[in-house]
Amino acid sequence: MSANVTTSGNASESTSPVLGTSVPPAAEKSDGFVHIDSDDATWILTSAIFIFTMQSGFSLLESGQVSMKNDVNIIFKNAVDVLFGGLTYWIVGYGMGFGSQPGSNSIVGVGYYFLDASEKDMGFLFSSFFFQLAFATTSATIVSGAMAERATLEAYVVFSLMSAIIYALPSRWLWYKGGWLKQLGALDIAGSAVVHILGGTNGLVATLLMGPRIGVFKPGTKEPKMGYPTNALLGMFMLCWLMRNGKIEVRYTLDGILGSLVSISALCSLARPWESLLIGAVGGYLAILGGELIRRLRIDDPVGVVTVHVVGGVWGMLAVGIFLRPDRVAGLTNHAGNSERYNRGLS
């Protein structure tokens, strides 16, 4: 189950099937793996730690939008995602997503079960596992918001155990070098589809199965108030505000800004500044409209999981097809979107 190892000078290099990008010929060996050094592994681990801080943001965001009596409950469920989802991901999830042993294909991987590694491989392998684990648990935590105030702890533990397996498949399709969507040229740099559409879709299914909270959408009742709006705003680092009828609308602000961030995730490192602003602005507006539509359909989504992550994620992936251009710096892609093709035609 361990990856191949080569040694160059004083720095040991590990190999990984995880990096699904185009790389300089010197880095890619005949075995199809990308060889990296300890500095790369350190950077990946550092990035993973930053991703894990999203758990704190989600905890504040979700606890602020539910009723006061359930704030501790939903924060505890976010911890459950890391504990139980992390266990499943270590046992089988990482292998399904990035395994490369015989029997692996473009849909599901084989190998790396009960993940372990040799001394030379452990630097990169464990750091890449931790990096993917951060995304896997983030995707699961998204769902906790849609299930807020309705799921028992026991039922949520079962979901957390399954969530890592669910995440493994789209992560392979888009982020593994041999994934079928990756081979078709699909690009999702930071998780518009792999994390956000997946989490939002799971959340939509969950809330439809459970139905609305007691009293919600009943004639003569008002929409439940946020327990701690300040926590919710801290959770997404309030950048600006949106107004409705002359008053600051906290929910619009939350959905709009978060929808913008989700939208730009797929193309984040390749978009020009003006493209980023445009993609984010459209994504934020669509997220707000989506929130209104969800409420009119009488779907109880307490923290905006569906409208932010599904609507924003879908628009983000569509934006890739519009604004993508070949990456001549890091070699992430050689494909071009419609706008790039149009500009080429004009020139």
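Start with the whole chain and its contacts (heavy atoms within 4.5 Å): of those with a separation of 6 or more, 69% are between residues 24 or more positions apart. What you have open is a predicted model, where local features need pLDDT of at least 70, side-chain atom pairs count only at pLDDT 80 or more, and totals for chains, interfaces and linings use all residues. Residues are numbered from 1 along each chain as its sequence is written, and side-chain values use heavy atoms, with hydrogens and water left out.

Switch to cartoon: you'll see eleven helices and five strands, taken as DSSP runs (helices H or I, at least four residues; strands E, at least two) and numbered from the N terminus. Of the 347 residues, 50% are buried, meaning under 20% relative accessible area with a 1.4 Å probe, protein chains only.

Next, select Ala-164, in helix α4 (residues 153–175). Ala-164 is buried because its relative accessibility is 1%. Beyond neighbours within four places in sequence, Ala-164 touches Gly-85, Thr-88, Tyr-89 and Gly-93.

Now move to α8 (residues 250–264) and α9 (residues 273–296), which pack at about 130° with axes 7 Å apart. Axes here are lines fitted to C-alpha atoms over the stretch in contact, and angles run from 0 to 180 degrees between N-to-C directions. Zoom in on the contact, where Gly-256 and Gly-259 are among the α8 residues and Gly-280, Gly-283 and Gly-284 are among those of α9.
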